[in-house]
Amino acid sequence: MEDADAGHRVVALIDLFEAADFEVLFQPERMPLPQVGLLEAFPPEAVKQAL
């Protein structure tokens, strides 16, 4: 489905995976984690997942 005003195209994810010419052109950088001392304010499970 294409919306000429939006400047982008909506495509089903499975169609991308099956397309032979599909490639990821760039990947966003991960944000750095805060200092370990700052993580102490979060629940242990959240810290474990972040690390």
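Here are a few notes on the structure above, point by point.

1. First, keep in mind that this is a predicted model. The mean pLDDT of the protein is 81, and 88% of its residues reach 70 or more.

2. Strand S1, covering residues 2–3, has the lowest mean pLDDT of the elements, at 52, while H1 has the highest, at 90.

3. Now for the layout. You'll find three helices and two strands in the protein.

4. How much of the protein is buried? Of its 51 residues, buried ones make up 4%. The accessible surface comes to about 5400 Å², and carbon and sulfur atoms account for 59% of that surface.

5. Next, have a look at Phe17. This residue sits in helix H1, which spans residues 13–18. Is Phe17 buried or exposed? Phe17 counts as exposed because its relative accessible area is 60%, and the cut-off for exposed is over 50%.

6. Together with Leu13 and Ile14, Phe17 forms a nonpolar patch on the surface. The accessible area of Leu13, Ile14 and Phe17 together is about 350 Å².

Note on methods:
Residues are numbered from 1 along each chain as its sequence is written. This is a predicted model: local features need pLDDT of at least 70, side-chain atom pairs count only at pLDDT 80 or more; totals for chains, interfaces and linings use all residues. Side-chain values use heavy atoms; hydrogens and water are left out. Helices (H or I, at least four residues) and strands (E, at least two) are DSSP runs, numbered from the N terminus. Buried means under 20% relative accessible area, exposed over 50%, partly exposed in between (1.4 Å probe, protein chains only). Accessible areas come from the Shrake-Rupley method with a 1.4 Å probe; for residues, only the protein chains shown count as cover. Patches are made of residues with over 30% relative accessible area and no salt bridge: like charges are joined within 9 Å, nonpolar side chains (Val, Leu, Ile, Met, Phe, Trp, Tyr) within 5 Å. A salt bridge is a side-chain nitrogen of Lys or Arg within 4 Å of a carboxyl oxygen of Asp or Glu. pLDDT is the predictor's confidence in each residue, from 0 to 100.
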